[in-house]
Amino acid sequence: MAEPETGVMWDADMEVNLFQSMEGHKPCGINKHFHMMCIQHKFYEKTSINISTAQLWAKLHSLWDIGILDSAQDPAFPEVKEQGLFSLPFDSAELVEDVASSEGSSTEVSSIKSGGGGGNPAKKQKSPAPLPPPIPASAVAAVVSSGGNKKKKG
């Protein structure tokens with residue numbers, strides 16, 4: 001029977017090959033597109049039929065409700081989704097105190113101890129460490145010409 005959206009004539013053999021190609025790959029969840037590429041590759045290896053991922057998606061959508069399967073998958077970071085923002089666990093208050101005392105910030109530490117969260121994460125961020133000075137080209141050329149770190153036997 002031909003799928004109206006794709007124009008591919010799916011017979012029983014092709015469906016069996018599709019299901020065999022799906023072995024070990026879930027076309028739902030956070031990695032669904034990666035898995036679909038693997039399915040497409042395996043399907044091509046089995047059948048030598050060059051079919052697009054859009055055609056494969058259309059076939060899978062005709063068999064299952066992929067949207068429901070997607071929503072049934074666990075999110076990558078469920079605690080972030082539930083709480084909205086990242087917060088440190090309470091047992092790390094001692095570490096936070098040490099860092100805050102070195103920066104001179106005591107208001108954020110007291111709010112973390114009382115369970116008030118970590119405050120606004122964008123409020124006070126450390127600037128990255130400065131980069132070391134560039135290596136002069138003459139030094140690089142000397143190392144390259146001497147063969148790197150190889151020691152000469154003498």
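**Close-up views of a predicted model**

**View 1. Residue S21 and its contacts.** Leaving aside residues up to four places away in sequence, S21 touches I39, K42, F43 and K46. This is a predicted model, and the other views below come from it too. S21 is found in helix α1. With a relative accessible area of 0%, S21 is buried, because the cut-off for buried is under 20%.

**View 2. The buried side of helix α3.** Helix α3 covers residues 53-63, and its buried residues are L56, W57, A58, K59 and L60. These buried residues pack against three helices: α1 (12-21), α2 (32-47) and α4 (66-72). In an α-helix there are 3.6 residues a turn, so residues three or four places apart point the same way. One of the buried residues of α3 is K59, which is shown again in the next view.

**View 3. The salt bridge between K59 and E15.** The structure holds two salt bridges, and one of them joins K59 to E15. The closest N and O atoms of this pair are 2.6 Å apart. Are the two partners buried or partly exposed? K59 has a relative accessibility of 3% and therefore counts as buried. E15, at 22% relative accessibility, counts as partly exposed.

**View 4. The salt bridge between D70 and K32.** D70 forms a salt bridge with K32, and the closest N and O atoms are 2.7 Å apart. D70 belongs to helix α4 and K32 to helix α2, so this pair ties together parts that are 38 residues apart in sequence. D70 counts as partly exposed, at 22% relative accessibility. K32 is also partly exposed, with a relative accessible area of 22%.

View 5. Which residues make the nonpolar surface patch? The patch is made by F19, L63, W64 and L69, and its area is about 330 Å². L69 lies in helix α4. The relative accessible area of L69 is 36%, so this residue is partly exposed.

Methods:
Residues are numbered from 1 along each chain as its sequence is written. This is a predicted model: local features need pLDDT of at least 70, side-chain atom pairs count only at pLDDT 80 or more; totals for chains, interfaces and linings use all residues. Side-chain values use heavy atoms; hydrogens and water are left out. Buried means under 20% relative accessible area, exposed over 50%, partly exposed in between (1.4 Å probe, protein chains only). Helices (H or I, at least four residues) and strands (E, at least two) are DSSP runs, numbered from the N terminus. Contact means heavy atoms within 4.5 Å. A salt bridge is a side-chain nitrogen of Lys or Arg within 4 Å of a carboxyl oxygen of Asp or Glu. Patches are made of residues with over 30% relative accessible area and no salt bridge: like charges are joined within 9 Å, nonpolar side chains (Val, Leu, Ile, Met, Phe, Trp, Tyr) within 5 Å. Accessible areas come from the Shrake-Rupley method with a 1.4 Å probe; for residues, only the protein chains shown count as cover.
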